[in-house]
Amino acid sequence: IPYDDIADESLNGYLLRLAEENFLGSTHALLRPTGVRLKSRYTEAERSAIAQYHGLDVQRLDRLAAFPAVEGSMADGLFVRKVVPVCPECLQLSGHIRQVWHHQLFTACPQHQVRLIAECPDCESSLELNRGGRVSLRLRMRPVASECAASRCSQPPGFIDPPAYR
């Protein structure tokens, strides 16, 4: 169980880290025994079921679900994205999914001045942020289409060339 809190980590980011640290293949595998499906927002009952099954602190999950690092109405479910784009540079530096990336009005990273990406710049396949592996350009940002890197992309699996997202 990851006991360290990362101030601006999202609930799904925390669940992904939990899945990784328990050697599960994905967030789906972590949630499957609880009967909860991966989604952008979880009910109080769903957060409770996740916490109970995995021995987690429900208050921690509730706090992460409220998007405390983002001011506004995200805690009420407004402006929450279903597909979360990422800042490749942030992932290289910190290795976690930030809360602000879930907000529909964030289109660029305020720290790195680059646009957030949700697909491979070479083949435009969606990036899948629910698989295991450290959050980095090298490992976690895998195109959904497994054949992407082998047949359509010039990039090796899981890699994104930094100039491609500027």
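1. A residue is called buried when its relative accessible area is under 20%. By that criterion, helix 1 of this predicted model is mostly covered, since ten of its eleven residues are buried.

2. The buried residues of helix 1 are L11, N12, G13, Y14, L15, L16, R17, L18, A19 and E20. Their packing partners are helix 2 (27-31), helix 3 (44-54) and helix 4 (58-65). Just after helix 1, F23 adopts a positive phi of about 60°.

3. S10 lies in the segment before helix 1 (11-21). With a relative accessible area of 1%, S10 falls under the 20% cut-off and is therefore buried.

4. Two polar interactions of the S10 side chain deserve attention. The side chain of S10 reaches the backbone nitrogen of G13 at 3.0 Å, and G13 is itself one of the buried residues of helix 1. A polar contact of 2.9 Å also links the side chain of S10 to that of H102. Leaving aside residues up to four places away in sequence, S10 touches I97, R98, Q99 and H102.

5. The protein has a mean pLDDT of 74, and 68% of its residues reach 70 or more. Helix 3, against which buried residues of helix 1 pack, has the highest confidence, at 96, whereas strand 2 (residues 142-143) has the lowest, at a mean of 40.

6. Over residues 132-152 the pLDDT is below 50, although this stretch has 71 contacts in the model beyond near neighbours in sequence. Residues 156-166 also have pLDDT below 50, with 28 such contacts. Where pLDDT is low, the predicted coordinates should not be read in detail.

Note on methods: Residues numbered from 1 in each chain as written. Predicted model: local features only at pLDDT ≥ 70, side-chain atom pairs only at ≥ 80, totals over all residues. Heavy atoms only, no water. Helix = DSSP H or I, 4+ residues; strand = E, 2+ residues; numbered from the N terminus. Buried < 20%, exposed > 50% of the residue type's maximum accessible area, 1.4 Å probe, protein only. Polar contact = N/O pair within 3.5 Å; in protein donor to acceptor, adjacent residues only side chain to side chain. Contact = heavy atoms within 4.5 Å. pLDDT = per-residue confidence, 0-100.
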